[in-house]
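The stops below go residue by residue.

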Amino acid sequence: MAHTHQTESMWTIKHVKDTLPKREQASHKGTFGTGLLVAGNRDMPGAAILSGLGAMRSGIGKLEIATEPEVISLMVSSLPEATYVRSGLQKIADGLVDVSPYRAVAIGPGILPDRLTEQAIENILDSHSPLILDAGALSQRNYMERPAPVILTPHPGEFSRITGVDLEELLTKRSFYAAKFAEKLGVAIVLKGDNTVIAFPDGDTWTNPTGNAALAKGGTGDTLTGMLLGMLCCHEDWKHAVLNAVFLHGACADKWAETRSIHTLLAHEISGLLPEVWKSVERE
């Protein structure tokens with residue numbers, strides 16, 4: 001099959017304004033759906049907190065976090081709004097959690113790429129919920145038969161590992177390879193970096209204009225994963241959800257850089273900046 005690479009476009013502030021969901025007065029938490037976040041282990045509890053904050057700030061109705069008991073006790077003070085699935089990764093791998101009611105699922109931040117994780121992902125892939133795979137959930141696999149969207153969020157090193165494309169080669173042609181593998185794997189790929197590339201399985205490819213080197217720090221990707229989860233729960237169109245999450249994530253780093261050094265941004269502060277940044281792009 002010849003690869004048809006459509007021209008890539010920039011996802012601009014006008015696109016964002018036109019596609020961000022409105023929150024009607026009559027809406028309730030059920031309107032915006034429940035998201036499931038599978039994140040964090042005892043050595044990386046912060047990843048669950050960062051992604052959880054990103055999700056709760058991004059329009060989700062209700063958030064359930066599947067994580068280890070030790071992580072739950074550490075998280076409640078930073079994220080009292082979430083509910084928890086205790087020993088969630090193990091329970092999902094054992095088929096004890098029904099994933100079908102969730103509006104969207106994200107898995108990977110602060111999770112090891114081991115057999116347990118793979119089994120959990122296989123069980124989630126059997127559901128019809130949009131699925132975000134990040135960090136420890138990124139590995140070589142095939143998604144072609146899945147009816148619901150899959151979104152992979154690799155940085156260039158992870159992309160190279162799961163596709164076999166040489167890293168130097170990838171960096172010279174990011175849009176080309178993101179589009180090629182989005183089509184080949186049947187997924188959306190958010191290839192993170194300067195001007196993040198977002199490629200969809202239908203050949204639709206966008207670059208993101210927001211963000212700066214402040215995001216080159218541990219935890220910022222966890223926050224993006226959470227934001228993607230929240231946006232998938234409140235948008236009608238899943239592609240708009242992905243594009244707007246990436247745009248607003250970068251816009252928060254730009255807001256930070258207006259008055260502060262880009263060396264100093266911490267990942268959890270992105271979620272703190274989001275309310276003001278989101279307000280600035282909302283239609284009246």
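This is a predicted model: local features need pLDDT of at least 70, side-chain atom pairs count only at pLDDT 80 or more; totals for chains, interfaces and linings use all residues.

**Stop 1: H155.** H155 is found in the loop between β7 (150-152) and α6. With a relative accessible area of 37%, H155 is partly exposed, because that class runs between the 20% and 50% cut-offs.

**Stop 2: the largest pocket.** Select K192 again, this time with G193, L215, A216 and T220: of the 27 lining residues of the largest pocket, these lie nearest its centre. The space in the largest pocket is about 500 Å³. Next, colour α6 (156-163), α9 (220-234) and α10 (238-259); each supplies at least two residues of the lining. The largest share, four residues, comes from α9. Colouring the lining by class gives seven nonpolar, 14 polar and six charged residues.

**Stop 3: the annotated positions.** Select A47, G110, H155 and D222, where an unreviewed UniProt entry places the feature "binding site". Of these residues, H155 and D222 are included in the lining of the largest pocket.

**Stop 4: G110.** Centre the view on G110, in the loop between β5 (104-107) and α5 (115-125). Which residues does G110 touch, not counting residues up to four places away in sequence? Show G40, N41, M44 and A47; A47 is also one of the positions in the UniProt feature. G110 has a relative accessible area of 6%, under the 20% cut-off, so G110 counts as buried.

**Stop 5: aromatic pairs.** Four aromatic pairs are counted in the model. One of these is F176 with Y177, an edge-to-face pair with 4.9 Å centre to centre and 75° between the planes. F176 is partly exposed at 32% relative accessible area, whereas Y177, at 10%, counts as buried.

Move on to F200 and W238. Their ring centres are 5.4 Å apart and their planes stand at 80°, so this pair is edge-to-face as well. Why does the pair tie together parts that are 38 residues apart in sequence? Because F200 lies in the loop between β9 (197-199) and β10 (205-207), while W238 lies in helix α10.

Notes. Residues are numbered from 1 along each chain as its sequence is written. Side-chain values use heavy atoms; hydrogens and water are left out. On a 1 Å grid over the protein atoms alone, a cavity is a set of points where a 1.4 Å probe fits but cannot get out, and a pocket is an open set with protein on both sides within 12 Å along at least five of seven lines; lining residues have an atom within 4 Å of a point. Grid points are joined across faces, edges and corners, and a volume is the space filled by probe spheres set on the points. Ala, Val, Leu, Ile, Met, Phe, Trp, Tyr, Cys and Pro count as nonpolar, Asp, Glu, Lys and Arg as charged, and the others, Gly among them, as polar. UniProt positions are given in the numbering used here, feature names are shortened, and annotations may be inferred rather than shown by experiment. Buried means under 20% relative accessible area, exposed over 50%, partly exposed in between (1.4 Å probe, protein chains only). Contact means heavy atoms within 4.5 Å. Rings of Phe, Tyr and Trp (its six-membered ring) pair if their centres lie within 6.5 Å; planes under 30 degrees apart count as stacked, over 60 as edge-to-face and the rest as tilted.
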